[in-house]
Amino acid sequence: MGKAAAGGAPRGFLGQAWAGAAATASGNGLARFAFVPLFPAMVAAGWVDGAEAGVLGAVTLLGSLIGTLGGRHVALRLPVPLLLDLGMGTILVSLLACAWNGGLWWLMPWRLLAGIGGGILMALAGPAAVAAAPADRRGMAGGIVVAGVGLGIAGGALAVPTFLTAGGVAGSWAGLAGLVGLLWIAARGSWPLATPDRAGGAAPAGGTLLIATYALHSAGMVPPMVYLADLAVRGHHLALGIGSLLWFAFGASGVAGGMLAGRLADRFGSRRVLIGLLVTQATALGLCMQPVTALIIPAAALAGFAAVGTTTVILALARDVAGPQATLLWVRCTAAFSVTQAGIGFLLAGVFAATGESHAVIFAIGTGFSLAALISARYL
């Protein structure tokens, strides 16, 4: 925790929050989500076919679940900065290993490891940075850390086309590892020190519906988080660079969603903002089902805004619903998110293969889950 300033408010919390943002940018934005613009490039280069690429995306989601569930428990025994270093190192190694084309069975364990590292960082960086901030600045600190996901997505979307041009798929994986290394060097001197609270006990009243809503939201977001660039490139026959630009729009809008959602919630109420975000999400996935290529652009931007904005608002709602048990509820919301995305990721990979790689079916399923989340949110 930062040193106490006059009046007892800790100093340095912004530096710790931005270090947390570097962690989420690496663990989610680069290690996990930079796979989206690489998906069609790997298929085109013959590293995997479309169904196998979908499996790799699902394996990464499974790894994220493992890291999320394990990270907070291990943090009760080991220092948080050490675990953040472990997460960054795990990601760096996994990305370097993916630079060799060893086929599906070589890539699967390394994508699993990338997900585990990202899950550890996501589970620890946010709560630790929020705990280091003054009470009246915790929303700001949490928003910065969550926005790191969008920053990583946007940065990866810009970098991947350059890496592909310079070194192909192998060079792209190595380049992403280099970016993670740079972020690690920049952040490790400011890692947050606070240990997340011990989570246990019964679910807070009203928490079950919030968990269910977040899980349904996460299920609806699997199609754009895995198949968006492939929809543009192989579904609409656009260039690989266009697919990356769409993913950049997703990430840049996610930064805006993370930064703005908290302020909107303070002004209009968290529940009303959550409903608006879920309407936005359902609209985005519906646009992805249309045959008009131009509609993919607003779909990508709307999906990114809804994805990161919803996470910010769920964090705020956890405080509203659970009060002193907010940490417990947030852990369970995050775990439900990871469990659902892992399961739906494998389900959609199977559906994608069984339907002859139909993007329309994949995004229709995502739209259905998004509408279910909207219905659930109305009863919060």
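This report covers the overall fold, the surface and the salt bridges of a predicted model.

## Overall fold

The chain is built from helices. Its secondary structure comes to twelve helices and zero strands. From the N terminus on, the elements run α-α-α-α-α-α-α-α-α-α-α-α. The radius of gyration is 19 Å, close to the 21 Å that the globule rule gives for 380 residues, so the chain is as compact as a globular protein of that length.

Along its principal axes, the C-alpha trace spans about 60 × 45 × 30 Å. Contacts reach across the sequence. Of those with a separation of 6 or more, 82% join residues 24 or more positions apart.

## Burial, surface and charge

Of the 380 residues in the chain, 58% are buried. The chain exposes about 13,900 Å². Carbon and sulfur atoms supply 68% of that area.

The chain carries 18 positive and 9 negative charges.

## A bridge between R188 and D85

The structure holds three salt bridges. One of them pairs R188 with D85, and the closest N and O atoms are 2.9 Å apart. R188 lies in the loop between α6 (138-187) and α7 (207-235), while D85 lies in helix α4 (residues 80-97), so the pair ties together parts that are 103 residues apart in sequence.

R188 is partly exposed, with a relative accessible area of 46%. D85 counts as buried, because its relative accessibility is 14% and the cut-off for buried is under 20%.

D230 forms a salt bridge with R234. Here the closest N and O atoms are 2.7 Å apart. Both residues lie in helix α7, four residues apart, which is about one turn of the helix. D230 counts as buried, at 0% relative accessibility. R234 counts as partly exposed, at 28%.

R234 also meets E357 in a salt bridge, at 2.8 Å from N to O. R234 lies in helix α7 and E357 in the loop between α11 (326-354) and α12 (359-377), so this pair ties together parts that are 123 residues apart in sequence. E357 is partly exposed, with a relative accessible area of 24%. Through shared partners, salt bridges join D230, R234 and E357 into one network.

Technical notes:
Residues are numbered from 1 along each chain as its sequence is written. This is a predicted model: local features need pLDDT of at least 70, side-chain atom pairs count only at pLDDT 80 or more; totals for chains, interfaces and linings use all residues. Side-chain values use heavy atoms; hydrogens and water are left out. A salt bridge is a side-chain nitrogen of Lys or Arg within 4 Å of a carboxyl oxygen of Asp or Glu. Helices (H or I, at least four residues) and strands (E, at least two) are DSSP runs, numbered from the N terminus. Buried means under 20% relative accessible area, exposed over 50%, partly exposed in between (1.4 Å probe, protein chains only). The radius of gyration is taken over C-alpha atoms; the globule rule is 2.2 Å times the number of residues to the power 0.38. Contact means heavy atoms within 4.5 Å. Accessible areas come from the Shrake-Rupley method with a 1.4 Å probe; for residues, only the protein chains shown count as cover. Lys and Arg count as positive and Asp and Glu as negative; His and the chain ends are not counted. The place of a charge is taken as NZ of Lys, CZ of Arg, CG of Asp or CD of Glu.
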